[in-house]
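Biologist: Hi! Could you walk me through some contacts in this model?

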Amino acid sequence: MPFQTSAEERTQTFQSNLSIYEQTVKNLKTEMTAHVKGHTTSAARNKVFGDKLGTIGRREHFEQLKTVFASVSKVVQGVAEARLEFLGDGASQGGAALLSRLDSTKAGVVDPTKRLLADRASKVKAVDKEVKAFEAAKSKAGKSAAAAITKQAKAAAKQGVDPPTTTPSAASLSAQSSVHMPESLLDARDALRHTDSLVDDTLGRYEEERVVDVQLFLEDFVRREMAWHARALELLTPLVGEVRGVDAKGAMEDFFKKVEEVEETEKDAMLAEAEKKKRESMAE
């Protein structure tokens, strides 16, 4: 039967937990990539929106309101920049940093552990192969010894002499016990024990490292979301006062003033035109 170690059950549990964690990292990477992409896309739309607000504001004739439009336009674009800074997918942006954490835990925790368990599996196969070869050698020696005793017994019976005192089964067992365990099997078992020791040492470190990695990832994600919303509040809050500060009555007064200016301009133009016609009439 295959060579088993006391670490076999722990290793199987370890392998199962590692597979679950690997899938967790993969799923997190997929969902976080989509989340970060969503932030990046929304930030781009916000920038366009902010730019359009500025264009709309530039057409406004009331200067105070035009100034507010410009402020809102600038802040909306500033919020979009903050979103990219903390959660965008650009090379130096926060979302990319979050994704790199997942890449790091895969490269630093998952992949090395998978290689270790794969190495152990190869060591188990090597031991099984050596055990099978050893068992085959013992079986061959036993069969050969039993066949020799059987042959001697037949010859003795034919010659009418006493048969061998050893039975075929006893000869077989004796021959099998005389086959020494090969160095290759001893070496394979030692290698497996050494790898099992490494697996046991890694088991505790792996659990701590993966939990710490997930903990840091989630905390970083939460902090970046908080930072973006805090920056947005910081930028947007002053706008409330600025928007409320728009003087609607002042706008009305400004409007009527401009109407009067237009009327005066038109009146002056009419008077100038009448004076021109008068001079032309007198000249005739």
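**Salt bridges and a cavity**

Modeller: Arg231 and Glu85 form a salt bridge, with their closest N and O atoms 3.4 Å apart. The pair links distant parts of the chain: Arg231 sits in helix 5 and Glu85 in helix 2 (residues 63-87), 146 residues apart. A salt bridge here is a side-chain nitrogen of Lys or Arg within 4 Å of a carboxyl oxygen of Asp or Glu. Helices are DSSP runs (H or I, at least four residues), numbered from the N terminus.

Biologist: What should I know about the model itself?

Modeller: It is predicted, so local features need pLDDT of at least 70 and side-chain atom pairs count only at pLDDT 80 or more, while totals for chains, interfaces and linings use all residues. Residues are numbered from 1 along each chain as its sequence is written, and side-chain values use heavy atoms, leaving out hydrogens and water.

Biologist: How many salt bridges does a search of the whole structure find?

Modeller: It finds 14. Among them, Lys106 meets Asp111 at 3.1 Å, N to O.

Biologist: And which residues are linked in a network?

Modeller: Arg101, Asp220 and Arg224 are linked by salt bridges.

Biologist: New topic: which residues line the largest cavity?

Modeller: Its lining is Tyr21, Val25, Leu28, Arg101, Leu102, Thr105, Asp213, Val214 and Phe217. Helix 1 (8-58), helix 3 (94-159) and helix 5 (183-244) each give two or more residues to that lining. On a 1 Å grid over the protein atoms alone, a cavity is a set of points where a 1.4 Å probe fits but cannot get out, and lining residues have an atom within 4 Å of a point.

Definitions and conventions. On a 1 Å grid over the protein atoms alone, a cavity is a set of points where a 1.4 Å probe fits but cannot get out, and a pocket is an open set with protein on both sides within 12 Å along at least five of seven lines; lining residues have an atom within 4 Å of a point.
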